[in-house]
Amino acid sequence: MNVRRKLLAGYLVVACLVVATAATAWYTDMASARRAAAKEAAQVARGIGKDIALGLPVDTPGELISPLYFNPRSLANYIERLHDSQHRDVVVVDSGKYILGDAVPENVGTVFDHDTGNQIGKTIDDGESRIFVEQSDDYPAGIKQVVVPMRGRNNQILGAIILEYTPLYDGMLAAARQAQFVILGVAAIAFLLVLLVGHFLARSLTRRITSVTTAVGVVRTGDFSHRVPTGAGNDEIARLAGAFNEMAEQLDRSAREILAKEYTDSILANAGEGICGVDRDGRITFANAAAGRITGLGVAGLLQREASAVLPETAEDLVPGTREVSLQRPDGTSVRVEYTTSEIEKAGRAIGAVIVLRDVSRQRALEHDLRHQALHDGLTGLPNRKLLLDRLEHALARARATGGPLAVFYLDLDGFKRVNDSLGHNAGDLLLRTAAERLTGALRPQDTVARLGGDEFAVLLEDADPAIVERLARDILAVLARPFLIHNREALVSVSIGVVPDAAAYADADEVLRNADVAMYAAKDQGKNRFLTFETQMHEQLLNRLDQESRLRDAVHRGELRLHLQPVVGVPAGQMAGAEALVRWQDPEQGLRMPGSFIPLAEETGAIVDIDRWMLLEACRAVKQWQDDDPATAPAWVSVNLSAAHLEVPDLTDQVAYALTATGLPANCLVLELTETILMRDLAVTSVRLEELRALGVKIAIDDFGTGYSSLGYLRDIPVDVLKIDRSFIDGMAGNGRQQELVNAVIQLGHTLGLRVVAEGIEDASQLDLLTVMGCKFAQGYHLGRPEPAEDLHNRLTIAADLIAAGPGTPETR
């Protein structure tokens, strides 16, 4: 047990003694109160006994005293007065314990039998007062009673007086309870004070002792700097602390003197940089392990060697400064070393020098890598925009000086976004790397190929006349048109090229690259997969494009969009089954415009999300109003296309629910169409989003199925209702057995999965006949009408057939 615990134990004993004293005082006070109550009750009972045995005092001269003992009526009145005025219950019994008087008249004449311990009998026998507790059915808790002898004139015992003193007892205990609470409070305060004082005293003493013992432990570890506070006192602990501090001070001085040389030698020996000491003659007299490792000579190989032999560029006079050399090691390897020379002087005269060597090989390699990364594309390894502009500036200067031809290509891959969305970003990265390799292989060794970002590249051609420029552009078109094998799938892309053949005619590299970019966009506008040479009017076209972007962003808010409904009419009944919602733009400058003229631009600028939201709400509103106004001719459902950007909007499900709720259109009357490419972006995320939409009650259709890079197997994992085969499959079926097998496989899989399979774009009877020959049956056919406003639906043109798989010899219906 430590000192603090011993001290606390002593104070706890003192506190317990205080508590014991208080408990004793408490008990003594209680006992005194009980005895005083019994004594007082006996005294009152004796007085009552005298009144009954000897008679009441006279209050009239000459009045005869008559004992109440012999007058039952007077006795009863006397007992009743005591009960009513003094609230005292008295029982008078004779020597045989027969009740002579009682506050309860019914008990008179009976034997008092509530004294189970015969205390009354004992009092009558020996004349001593006693107390007992009367137990009865009426008072199960008991009544405190005192019994005293009733003596006559000759002191003979006539009987006994029994007096209830419970009220007197309770009153005296209540009077004593205040004193008891005072005792308890004082005892509690004393107990806490003793413990509190003991705690602080023990803490103070043990803290000082602990500081000394802790300091001793620290000194044992070799740290002599620790000191103990001595405080302001002069007691034994303070003197012990002072003695310890003096001892620690002496040990600290001795340790510093002993370890000074070893510490310095250890620093030099274990330094990460090489350190060599050179005397006035240029010989190495000291070398640490790092110097031996950097030079490859070891410490023994460096000592007593000429410093100039180890570091050839070291001046013989050891001029201070920092230099960097490439050092050849004995094992044939080389290392890049930076070293600093510093003179050692004594009394103003140079007596040698210190050479500090650093291996900077990794640092220089890292700097080279950083410079390369700053100027090259991390994915393809090609020069980036910054390096291309630098080389282009230098090439422009050379071309202006020599008059040599200089050309620049600006390239953008057509269809890259489709591959990236369908097969994922890893596939897109692989396509970009392969395209970069093909570009490099198609050009001359002196040409510069750079990646500008995304799927955009640039080519710098020096000393290239117009014929070479045209040949290289065609070669690029050819090599990039070949199929790319991406993750065991063939992917087809093309390239649009903008050409600036006379780059030296422009002011700077930025202008050249900007003009090539403009020509590239012109090539895209003319159908892609081609190259175009920059012309001045292309700037105007670009400005028109920018103006169109600005107007398109505001088209929704200015109310310029128009909803057209394309009817879906059953064959041969001729009744309209549904409608497809299509958008038109009432351009204030160019008039009514078809989707193909502005939807691609809307997708590039992000305005497609606002357009989709408007289309969804307006289509639901128009069809619901039609159903309410003319149910007989109204379409049963309406299909609305969703873009890729809109599918990624977090609150898409809420938007669809709002459109249905706001317009009142039933959910089963809405079909949402998404292209296969959109669905293939992220199957896991897409499936969850489609499940949320289907939970609303709407139907999901895959539009243009077959244009993406997917397999039929993924259909099992996507919650859809309708599968619309792209018309290119129908157009290519004639004479193409593989195409026919693929269409059949799609129909069979759709039948297995419970999907509606629709073949769109059937334009002649021969295609219907071919589908019949292939084993397809028509659940019903549709004429697709030319898009018109909702108020005027007519002019049916092409056909979409709703197909089912034909069972062997058994016609099937849907």
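Trp 26, Tyr 27, Phe 181 and Leu 184 make up a nonpolar patch on the surface, with about 450 Å² of accessible area together. Patch residues have over 30% relative accessible area and no salt bridge, with nonpolar side chains (Val, Leu, Ile, Met, Phe, Trp, Tyr) joined within 5 Å and like charges within 9 Å. A salt bridge is a Lys or Arg side-chain nitrogen within 4 Å of an Asp or Glu carboxyl oxygen. Areas are Shrake-Rupley with a 1.4 Å probe, and for residues only the protein chains shown count as cover.

This is a predicted model: local features need pLDDT of at least 70, side-chain atom pairs count only at pLDDT 80 or more, and totals for chains, interfaces and linings use all residues. Residues are numbered from 1 along each chain as its sequence is written, and side-chain values use heavy atoms, leaving out hydrogens and water.

α1 (3–54) and α4 (166–220) each supply at least two of the patch residues. Helices (H or I, at least four residues) and strands (E, at least two) are DSSP runs numbered from the N terminus. Tyr 27 sits in α1 and is exposed, at 57% relative accessible area; exposed means over 50%, buried under 20%, partly exposed in between (1.4 Å probe, protein chains only).

Next, α19. Its buried residues include Leu 652, Val 656 and Leu 660. The face turned away carries exposed Asp 654, Tyr 658 and Thr 661.

Last, β12 (448–453) has five of its six residues buried.
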